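Grab your viewer and a pencil. Here are a few quick exercises, each with its solution worked out.

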Amino acid sequence: MRIRALTIRILRQIIRDKRTVGMLVFAPILVLTMLHLIFNGDSYVPKVGLVNIPNTITDNLDLSEAEIKIYDNNRDAKQDVMEQVIDGYVTLTGNQPQVYLEGSDPTINGETIRWIQSTFRSLEKMPGQEINIEYFHGSDDIGQFDYFGPVLLGFFVFFFVFIIAGVSFIRERTTGTLERLLSTP
């Protein structure tokens, strides 16, 4: 009987206190929405440069799933990678593709590598050729958490400070500390 009365009293206090309702309902919705925006995105279309690739090869490539830019030398392509105009570029060393990627975003790296591998492996002249990949920044070991970790760290610090402050305000309101402090001379 006492537990039921105590539960009803606590539920009434929660419903009457708008801040508590906000902390219980709207704060988790806000957090989940922000996490959704961080982790879910549209499919990415890689921007790839082709450096000194013969026309006989480029005519046989399926270039439909990427934005392609043609370069005459490595210097211009590397400059565009550093300025993030393109995500990476491909050259041919002998008969073997050599890929250079910017490398700081694992999502962009993965999509670019996937496109390059599927495109160059479809060629009849290069079946089973291993594609060498070099990174200007980062490496092939960089993962999603390495990229999003600092953002999530700041986000969760902000979120937990918000929750702790909200709980402190609620505790102050129930104990009436501020009212007693303001009523004293």
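**Exercise 1. Work out how much of the chain is buried and what it exposes.**
Start with the share: 28% of the 185 residues in the protein chain are buried (under 20% relative accessible area, 1.4 Å probe, protein chains only). Next, the surface: the protein chain exposes about 12900 Å², with 59% of that coming from carbon and sulfur atoms (Shrake-Rupley method, 1.4 Å probe). Before going on, note that this is a predicted model, where local features need pLDDT of at least 70, side-chain atom pairs count only at pLDDT 80 or more, and totals for chains, interfaces and linings use all residues. Residues are numbered from 1 along each chain as its sequence is written, and side-chain values use heavy atoms, leaving out hydrogens and water.

**Exercise 2. List the secondary structure in order.**
Then read from the N terminus: α-α-β-α-β-α-β-β-α-β-α-α.

**Exercise 3. Find what lines the second largest pocket.**
First, its volume is about 200 Å³ (the space filled by probe spheres set on the grid points). Now the lining: Ile10, Gln13, Ile14, Arg16, Asp17, Thr20, Ile170, Arg173 and Thr174. Sort these residues by type and you get three nonpolar, three polar and three charged. Finally, assign them to elements: helix H1 (2-16) and helix H6 (144-175) each bring at least two, and H1 gives the largest share, four residues.

Terms used. Buried means under 20% relative accessible area, exposed over 50%, partly exposed in between (1.4 Å probe, protein chains only). On a 1 Å grid over the protein atoms alone, a cavity is a set of points where a 1.4 Å probe fits but cannot get out, and a pocket is an open set with protein on both sides within 12 Å along at least five of seven lines; lining residues have an atom within 4 Å of a point. Ala, Val, Leu, Ile, Met, Phe, Trp, Tyr, Cys and Pro count as nonpolar, Asp, Glu, Lys and Arg as charged, and the others, Gly among them, as polar.
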